Protein chains: 2
Amino acid sequence: MSTTPEPDGSVPVTAARVPQGERTRLMRLRLMEATVESLVEVGWTGTTTTVVSQRAGVSRGAQLHHFPSKQDLVVAAVDYLTERRRLELGVTAADLPEQGRTRAALELIAAQYVSPVFFAALELWVAARTDEALHEAVVRLERRFGRDAHANMIALLDIDERRGRNRQLVQATLDLARGLGLAASLTDDSARRASILDAWAETLDRELET
Amino acid sequence: MSTTPEPDGSVPVTAARVPQGERTRLMRLRLMEATVESLVEVGWTGTTTTVVSQRAGVSRGAQLHHFPSKQDLVVAAVDYLTERRRLELGVTAADLPEQGRTRAALELIAAQYVSPVFFAALELWVAARTDEALHEAVVRLERRFGRDAHANMIALLDIDERRGRNRQLVQATLDLARGLGLAASLTDDSARRASILDAWAETLDRELET
DNA sequence: CCAGAAACCGGCACGCTTGACTGTTTCTGG
DNA sequence: CCAGAAACAGTCAAGCGTGCCGGTTTCTGG
């Protein structure tokens, strides 16, 4: 949308003439993605600025140009994660079977909390407890995501949250999912998780007021 | 219980003649306690060997004598934490009111997951996901504690876990408590937690088979 | 086309963490 | 009471993480 189209057919060997806005956007994206990957693979402690820049294939100079301090980088990564998680959320709103609808919905919800994306968020979550600057960012993230997750579940199961204890049960379900996710981060106990979700689905079907 | 009682009434000014076993035990205890405190206050990242030794009032030399590497210290702290948590567990087995017994039991159980001790365990838990050596130790810890917590809840509510979905509901309750604890580590939302536990107590009363 | 700005590069210095090392004190076993 | 071992003290070097700096390349606005 600028003023300089390619002069003519001559193709410069090295220059591709990428606008700065796009360059910056891409660079920041690569760095934030690398940060999240690093969080998943080596945890908060292992996620150093050097590691991130290497993983992103970005020079340290460029990195420090876009994110002057590690804090800037991580806070940006938090926002990036929010988007990623909300995206995962959207996909799931698809069609559910009539039979065992509750159980299927639970599966989708619980899946949000055993994904790499959640593990990255978990690292930030725990780090934020004792890190002033992170704390603010993560609280914002989680408040927003929490609302979305809540709305998502209500939509999936077509719940009227004004009736009875419905609202609390939805909240409890999300907290349960978080607890299960935490457990899953340490050992992969899918069998146990499935069994619990089975029981939980049945309970929800009985206790939710329509 | 050794061979050398005090010669007579003469009290040596400096020497207190503490047996080595006792000295070692105390030193290790102080270091592990300091480690846990440090985990609670400054998190896994902030918990450096220097910080721990200072907090414990122990010289670096002595520290390295008892725990040659940081790993040794942390793994020991994990075991120490297990004991602390199990202790907290025992205290709660006291008398519960007849009226609202379930709710009261839930309160006790949930309290396990909002205590400083849990926050310390949480730091280790998350760190263990990407730390080979820690992983083994923490998995052991959590397996053991999980069993105890399970048994504790069954005892508190006098549940026959062979009936119906009782077993799963107990498990779910513990996972829910974990999820709530994780949430509490970031922001103190006692009101929300209480509301959820209210609803859950009612549900348990209906769904548990006696 | 051309200054000026923005993006990018790689090395460097400072502070911190870790654990190894050399002494010194305190206890144990005979 | 006395060697030898264990407990304890404090310093030092190596490695790493972070952020800064001068210099180079690429883009923008006129």
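Which element gives the most to the surface near DNA strand D? In this predicted model, in which local features need pLDDT of at least 70, side-chain atom pairs count only at pLDDT 80 or more, and totals for chains, interfaces and linings use all residues, the answer is α3(B), with 5 residues. Residues are numbered from 1 along each chain as its sequence is written, while chains are lettered from A and ligands numbered from 1 in the order in which they are written.

DNA strand D is surrounded by 28 residues, of which Pro19(A), Thr48(A), Thr49(A), Ser59(B) and Gly61(B) are the closest. A residue is near a strand if its C-beta atom, placed from the backbone, lies within 6 Å of it. Two or more residues of this surface come from each of α2 (49-56) and α3 of chain A and α1 and α3 of chain B. Helices (H or I, at least four residues) and strands (E, at least two) are DSSP runs, numbered from the N terminus. The surface near DNA strand D holds 10 nonpolar, 13 polar and 5 charged residues. Here Ala, Val, Leu, Ile, Met, Phe, Trp, Tyr, Cys and Pro count as nonpolar, Asp, Glu, Lys and Arg as charged, and the others, Gly among them, as polar.

Around DNA strand C there are 28 residues, and Ser59(A), Gly61(A), Pro19(B), Thr48(B) and Thr49(B) come nearest. The elements that give two or more residues to this surface are α1 (20-46) and α3 (60-66) of chain A, with α2 (49-56) and α3 (60-66) of chain B. For DNA strand C, α3(A) gives the most, with 5 residues.

The contact between the two chains takes 38 residues from chain A and 38 residues from chain B; two residues are in contact if their C-beta atoms, placed from the backbone, lie within 7 Å. On the side of chain B that touches chain A, the largest share, 13 residues, comes from α8(B). This side of chain B comprises 19 nonpolar, 11 polar and 8 charged residues.

The same surface serves both copies, as 100% of the contact residues of chain B recur in chain A.

The largest nonpolar core has 104 residues, and Val78(A), Leu124(A), Val78(B) and Leu124(B) have the most contacts inside it. Such a core is a set of buried Ala, Val, Leu, Ile, Met, Phe, Trp, Tyr and Cys residues joined through C-beta atoms within 7 Å. A residue is buried if 20 or more other C-beta atoms, placed from the backbone, lie within 10 Å of its own, exposed if 12 or fewer, and partly exposed in between. Arg193(B) lies in helix α9 of chain B and counts as buried because it has 21 C-beta neighbours inside 10 Å. Asp158(A), in the loop between α7 (132-157) and α8 (166-186) of chain A, is exposed, with 10 other C-beta atoms within 10 Å.

Chain A averages a pLDDT (the predictor's confidence in each residue, from 0 to 100) of 90. Over residues 1-14 of chain A, pLDDT stays under 50. Where pLDDT is low, the predicted coordinates should not be read in detail.
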